[in-house]
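Take a look at the chain shown here. This report starts with the whole and ends with one residue.

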Amino acid sequence: MHWPKKKKEIMRILLVGMADSIHLSRWISQFDSSDLIFEVVSASPHRRVQKGISERARKTNRLSITWFSRVFSLPMWIADRFLSDWVRGAYIAWRIRRFNPEIVHVHELQNAGYATRRAFQLLKKKPKLIVTNYGSEIVWFSKFPKHKAKIKALLDIADGFSAECKRDYNLAAQISSGYQTLPLMPVAGGLAKFNGPEVVRDKITIKGYENHWGKAIVALETVADLGAKLGNLEIVLYSCNAPVLRAAKKLSKSTGMKITTYKKGALSHNQVMELFQSSLIYVGHSLSDGISTSMVEAMAMGAIPVQTNTSCAQEWVVDKKTGFIFTPNDLDALRGAVLDVIEGRFDSEAARAENYAVIDSRYNPEKLSLIAAGYYQSLTATA
């Protein structure tokens with residue numbers, strides 16, 4: 001890869017993150033009109049690079065991802081299960097020496113952050129380091145002593161820290177200090193609120209994650225248990241993994257209900273937005289989360305959010321006024337929230353208007369792109 005000749009005024013940023021992440025892709029998209037030069041190093045076990053990142057890398061010489069990082073991310077990740085992050089650490093250190101960035105920006109703590117900490121141990125000349133927390137990883141993994149020690153070691157060498165929840169800034173400050181606190185903003189950047197004419201909202205959409213954190217099956221069974229009370233509303237689950245697909249098929253067969261599922265990756269980002277646009281309610285049920293980008297995007301498209309309090313939903317939603325916040329596995333609260341909306345006890349129109357205002361204020365892509373650019377400017381200004 002031949003980068004543009006380096007000029008003093010053009011800044012180089014090495015992004016270490018999950019190359020298959022739509023969040024990382026959208027972060028990069030905020031700089032399409034800038035002259036910043038980016039290189040992406042994948043620290044995750046991806047099978048393919050996210051389409052938006054690949055397309056941008058082909059169209060511009062301001063973004064690159066090396067073939068080695070594309071092809072060998074998974075083998076390096078597997079090796080580091082046994083070698084304590086040193087393989088990816090050595091590779092990241094090599095890319096830093098070759099690319100010579102002013103700033104290394106870590107997107108996500110566990111895969112990207114731990115490996116980057118190893119890389120910095122191998123460097124004599126160290127660039128500025130920004131650490132960005134993804135989702136709920138700092139609040140979840142800091143519960144475990146070994147992870148907390150690694151997070152502290154990473155934050156101790158960071159020049160800047162950012163997150164999408166006030167909760168996470170507070171927690172990070174309890175673990176380490178000395179870094180610059182960068183402005184709070186969603187890790188995926190912004191999204192414009194829905195501006196089109198209102199459409200028929202005939203779906204209840206559920207985020208289809210079923211794993212250690214996501215509990216989509218319980219949410220599905222709880223909503224489906226309302227039976228005839230749902231009227232003509234269709235239950236839709238997206239980003240489903242295999243257990244959710246099986247559970248939905250079994251439930252649909254036993255009840256005769258119309259339940260539509262989309263496996264993970266089956267819908268483009270635009271298609272997910274269209275799904276939210278036709279949804280009356282969005283349900284997110286998890287044991288741990290960040291703001292939940294899906295929840296905020298659903299709000300932007302007019303769906304009423306019903307989200308667990310293990311996220312930062314409280315920073316975006318006023319419970320029982322602009323949406324509903326419930327404790328995981330509080331099935332009565334989940335059922336009650338859905339019924340309040342579909343039976344008219346909840347003022348969906350007023351909630352939708354307030355949510356649009358919140359999105360326009362705090363999720364506006366133009367405003368957030370300026371904040372994102374400020375991350376890099378503020379650190380180099382103090383160099």
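## Buried residues

What percentage of the 383 residues of the protein chain count as buried? The figure is 55%. Keep in mind that this is a predicted model.

## Overall build

The protein chain contains 16 helices and 13 strands. Along the principal axes, its C-alpha atoms fill a box of roughly 65 × 40 × 40 Å.

The radius of gyration of the protein chain is 21 Å. A compact globule with 383 residues would have a value near 21 Å, so the two agree.

## Contacts along the chain

## Surface and charge

Now count the charges. The protein chain carries 52 positive side chains and 35 negative ones. The centres of these two sets are 9 Å apart.

Find R246 in helix α11, which covers residues 242–255. Is R246 buried or exposed? Its relative accessibility is 57%, so R246 counts as exposed. The cut-off for exposed is over 50%.

In sequence, R246 and I217 are 29 residues apart. In space, their C-alpha atoms are 9.8 Å apart.

Note on methods:
Residues numbered from 1 in each chain as written. Predicted model: local features only at pLDDT ≥ 70, side-chain atom pairs only at ≥ 80, totals over all residues. Heavy atoms only, no water. Helix = DSSP H or I, 4+ residues; strand = E, 2+ residues; numbered from the N terminus. Rg over C-alpha atoms; globule rule 2.2 N^0.38 Å. Buried < 20%, exposed > 50% of the residue type's maximum accessible area, 1.4 Å probe, protein only. Lys, Arg positive; Asp, Glu negative; His and termini not counted. Charge placed at Lys NZ, Arg CZ, Asp CG, Glu CD.
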